[in-house]
Amino acid sequence: QVQLVESGGGLVQPGGSLRLSCAASGSIDSTYILGWSRQAPGKRRELVASMSSGGTTSYISSVKGRFTISRDNAETTTFLQMDSLKPEDTAVYYCRAFKDREDYWGPGTQVTVSS
């Protein structure tokens, strides 16, 4: 059974940084794409960043240059380094692992950017 657990969310001032972590257990291996989605109040979920097993990364335009996704050598933990945070980054952030027809989500961690 696959389980994803996020950590590292919290309250930060505009311009600050946070680092999210996601630990995966179960049948997740290096063939899965690991990513982070977020959902702000009243908005749809959006895939913020992802990384393939080959190391190819993808970001939505609003976070390019500010967010960095990475994964550990064991391919079971993914990180999202978030710098220069803005109030519009406030959302619940979800870790994801997906390939083909499989799509696993963590329970989410709240990130609030406010002064």
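1. Strands here are DSSP runs of E with at least two residues, and helices are runs of H or I with at least four, numbered from the N terminus. Six bridges join β3 to β8, and these two run antiparallel; strands count as paired if DSSP finds at least two bridges between them.

2. A word on what you are looking at: this is a predicted model, where local features need pLDDT of at least 70 and side-chain atom pairs count only at pLDDT 80 or more, while totals for chains, interfaces and linings use all residues. Residues are numbered from 1 along each chain as its sequence is written, and side-chain values use heavy atoms, with hydrogens and water left out.

3. Now the other partner of β8. Five bridges connect β7 with β8, again antiparallel, and Ser70 stands opposite Phe79 in β8. Five of the six residues of β8 are buried (under 20% relative accessible area; exposed is over 50%, and partly exposed lies in between, with a 1.4 Å probe and protein chains only).

4. Next, the core. Which residues does Leu80 touch, leaving aside its neighbours within four places in sequence? Its contacts (heavy atoms within 4.5 Å) include Leu18, Trp36, Phe67 and Tyr93.

5. The structure holds two aromatic pairs. Tyr32 and Tyr104 make a tilted one, at 6.4 Å centre to centre and 50 degrees between the planes. Rings of Phe, Tyr and Trp (its six-membered ring) pair if their centres lie within 6.5 Å; planes under 30 degrees apart count as stacked, over 60 as edge-to-face and the rest as tilted. Tyr32 lies in the loop between β3 and β4 and Tyr104 in β10, so the pair ties together parts 72 residues apart in sequence. Tyr32 is buried at 3% relative accessibility, whereas Tyr104 is partly exposed at 25%.

6. Tyr94 and Trp105 have ring centres 5.8 Å apart and planes at 70 degrees, so this pair is edge-to-face. Tyr94 also has Arg45 over its face, at 4.0 Å from the ring centre (the criterion is NZ of Lys or CZ of Arg within 6 Å of the ring centre and within 35 degrees of the ring normal).
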